[in-house]
Amino acid sequence: MSCHASAETNETLSPGDGEIILVGNPNVGKSVLFGWLTGKYVTVANYPGTTVEVARGIAQRDSQRVVVDTPGVNSLQPFSDDERVTRDVLLNGTPWVVVQVADAKNLRRALLITSQLADMQVPLVLVLNMMDEAAARQIDVDAEKLSARLGVRVLATAATKHQGLDALMDALKTPQCIQPRVRFDDDIERALNALEEKLRGVCTRPRAVALNFLNGEATYDAFVRARVDAETYAQFCRTREQLQERAMTPLSTRMQNARTRWIDETMRAVYTTQAASAAPETLAHKLGRWAVHPVWGIPILLGVLFAVYEFVGVFGAGVLVGFVENVIFGAYINPFVTHVVRTLIPFSLAQDFLVGPYGILTVALTYGFAIILPIVTTFFLAFGILEDSGYLPRLAVMAHRLFRAMGLNGKAVLPMVLGLGCDTMATMTTRTLETKKDRVLVTLLLALGVPCSAQLGVVLGMLAGMDWAATLVWLGVVAGVLLAVGWLAARVIPGDTSEFVLELPPMRVPQLSHILIKTLARLEWYLKEVLPLFILGTAMLFVLDATGALAWIQHAAEPLIVNWLGLPVQATNAFLVGFLRRDYGAAGFFQMAQAGLLTREQIIVALVTITLFVPCIANFFVMVKERGAKTALAITAFIVPFAFFVGGVLNFVLRSLG
Amino acid sequence: MIRCALCGFEYEPVPSCPASCPLNGACHFVCCPRCGYQNIDASQSAAVKLVTEKSAVISNAVSNLVSRIEISRIRSK
């Protein structure tokens with residue numbers, strides 16, 4: 001059966017015409033199926049105009065048609081080049097049949113693509129792959145019921161074992177289009193029909209194009225503009241704006257909600273897990289439930305934070321740093337290295353470069369190995385336990401409640417939680433947010449007040465040397481700043497606060513070997529990334545000191561550092577290297593505190609100021625790449641003075657309180 | 001297979017770094033295709049490889065030693 005919306009098209013023949021197209025999420029067995037269909041003779045070439053590789057081969061078993069293996073995607077609403085290529089193959093061509101390969105274990109994820117293929121009205125066969133793995137996990141997907149519900153052939157397979165594949169060739173001969181499609185609210189459906197009517201003569205998938213155009217997807221905007229005259233395009237834009245103006249909820253959210261309903265209904269009809277329904281509730285399940293409970297979740301959260309604080313701050317930053325810095329480095333390594341350098345190298349400038357007050361060996365490596373390493377080791381161990389136990393997603397749920405109280409858009413929560421791992425990566429995930437305003441504000445919040453795991457470790461380490469009140473002041477000020485900026489952001493960005501959806505994996509007993517391996521890998525990455533920056537920062541201080549510029553900078557910064565923040569003038573050095581990485585700056589303060597150069601109040605002011613700094617130089621470059629140089633500079637130009645402003649106000653408050 | 005620490009999704013650790021990442025793959029993280037969380041990929045770590053190889057060598061040596069002791073004990077009987 002052919003269900004192409006229109007046979008008339010202005011398009012030239014393009015990839016996808018009369019072919020068998022394989023689509024699906026990454027890692028669902030598409031390539032295994034491709035290999036089974038095509039045999040050995042395959043060509044791999046970049047899709048025109050991109051660097052994305054698309055494999056093609058001839059179906060050996062029956063039809064002699066071309067089989068195309070598209071890149072794995074999570075959605076046909078493209079964010080990545082891979083998704084764009086797969087979308088283009090489907091949108092521009094008229095395939096003979098589309099074979100969607102789905103991982104039966106992760107059916108919900110596959111159904112998002114299925115719903116988008118339904119919008120496209122392509123002739124489809126759905127392959128439910130990895131049924132053996134699903135069965136092993138006591139997951140049951142009723143393929144017959146799913147077939148009846150969607151109106152297309154659904155095959156249950158285990159491609160790696162070649163189970164269920166024989167029926168595929170037969171199914172390929174009778175592809176059908178999915179019915180029913182996702183049904184949107186009447187207002188959207190009316191607009192869709194109007195747009196679809198106008199697009200019918202100019203493209204092969206008018207409904208999908210109209211839908212994505214209304215959804216505000218930029219590449220579809222360009223697609224439509226290239227195919228209709230200026231007046232029709234302006235009319236399309238007006239329709240979209242009017243549709244948006246008629247409702248409080250963003251248009252894209254309304255469309256996403258309808259799609260989610262379609263997926264939920266399908267899941268309820270065909271997907272069951274025996275394990276969840278039949279097994280009695282274990283202690284792990286109970287713990288998992290309590291951990292996200294609105295009341296019991298809070299003492300559990302406080303207990304976890306206290307345990308991390310004691311382990312990282314008291315044990316890591318106190319006991320371990322004391323031993324490594326004072327005994328191993330202070331008594332053995334540094335005296336030995338200093339003696340060797342001063343004996344072997346006759347030039348005093350070279351000696352100072354290596355072992356002087358700003359020496360690479362005595363400062364950069366001592367900071368890296370004697371101060372930061374013990375702290376981050378304990379923090380990564382604690383973080384690994386949180387990850388492996390399944391508590392981390394529960395922490396995300398608890399954090400979501402806080403963000404929801406701020407009124408922040410629900411979709412913004414995930415990047416903020418990811419920021420606790422790495423701000424740089426989290427900044428990249430903000431591209432999934434819908435509007436430019438959302439993306440800029442969450443990028444700002446991330447850079448402003450979400451410390452990454454390593455930075456959090458060093459800050460916790462310093463705080464543990466003081467009393468609980470100091471920790472509460474630091475936490476209160478940083479959380480207060482985040483809440484204030486978040487609240488302000490929420491006023492600017494109205495949105496649904498209930499969109500945060502996260503499947504909670506079960507709680508489990510962490511495996512020691514797994515945690516140790518992950519910690520070791522994290523430490524290797526951390527040292528590789530930070531040590532060059534530490535060396536660069538120290539070399540920068542050395543050059544500034546040797547040329548006399550450091551004294552000049554310290555003198556010039558005195559009104560800010562000494563008068564406004566109330567810190568000793570040497571704190572200037574920590575702020576200078578803090579531009580490279582916040583934790584390097586914090587390590588500088590750590591050593592000043594150990595040397596007795598900072599009072600309790602000064603430590604709090606220094607930590608608050610450095611926590612509100614731009615996280616690291618990598619984060620700055622990602623902001624430039626993701627948001628553009630102008631926005632990145634504007635964010636940095638706001639954050640740095642703002643951090644000093646908050647630090648100064650805190651200094652005056654603490655001093656006036658005595 | 002990597003199991004995402006945030007959402008529990010299991011996936012192959014195929015490197016798929018976003019083009020804008022300044023680390024450009026020079027890290028041990030693999031982003032989860034479902035939620036974007038950066039999971040550590042220990043198989044890329046030289047330190048982990050070294051430790052696992054050495055521990056395998058040590059455990060082999062220990063088991064060889066134990067079996068030799070056992071054999072010599074049986075022979076002496």
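This is a predicted model: local features need pLDDT of at least 70, side-chain atom pairs count only at pLDDT 80 or more; totals for chains, interfaces and linings use all residues.
Leaving aside residues up to four places away in sequence, Leu320(A) touches Phe315(A), Pro374(A) and Thr378(A). Thr377(A) lies 57 residues from Leu320(A) in sequence, and the two C-alpha atoms are 10.0 Å apart in space.

Now the chain as a whole. Chain A has 658 residues, and 46% of them count as buried. Its secondary structure comes to 29 helices and nine strands. Take the contacts in chain A with a separation of 6 or more: 75% of them are between residues 24 or more positions apart.

In soluble globular proteins, nonpolar side chains tend to be buried together. Here the largest nonpolar core has 120 residues, and Met462(A), Phe589(A), Leu607(A) and Val608(A) have the most contacts inside it. Helix 16, residues 360–389 of chain A, supplies the largest share of this core, 17 residues. What does Met462(A) touch, not counting residues up to four places away in sequence? The list is Ala317(A), Ala586(A), Phe589(A), Phe590(A), Ala593(A), Ile603(A) and Leu607(A). There is also a second, separate core of 75 residues, and among its members are Val97(A), Val99(A), Phe213(A) and Tyr220(A).

On to helix 5, residues 143–150 of chain A. Its buried residues are Ala143(A), Leu146(A), Ser147(A) and Leu150(A). Viewed down the axis of helix 5, these buried residues fall within an arc of 100°, so they line one face of the helix. The buried residues of helix 5 pack against strand 6, strand 7 (139–141), strand 8 and helix 11 (251–270) of chain A. Just after helix 5, Gly151(A) takes a positive phi of about 80°.

Last, strand 8, residues 153–156 of chain A. In a regular strand the side chains alternate between the two faces of the sheet. Both faces of strand 8 are covered: Arg153(A) and Leu155(A) are buried on one side, Val154(A) and Ala156(A) on the other. Strand 8 runs parallel to strand 6, residues 124–129, and four bridges join the two. Which residue of strand 8 is the bridge partner of Val125(A)? That is Arg153(A).

Conventions:
Residues are numbered from 1 along each chain as its sequence is written. Chains are lettered from A and ligands numbered from 1 in the order in which they are written. A nonpolar core is a set of buried Ala, Val, Leu, Ile, Met, Phe, Trp, Tyr and Cys residues joined through C-beta atoms within 7 Å. A residue is buried if 20 or more other C-beta atoms lie within 10 Å of its own, exposed if 12 or fewer, and partly exposed in between; C-beta atoms are placed from the backbone. Two residues are in contact if their C-beta atoms, placed from the backbone, lie within 7 Å. Two strands pair if DSSP finds at least two bridges between them. The arc is that of the directions from the helix axis to the C-beta atoms.
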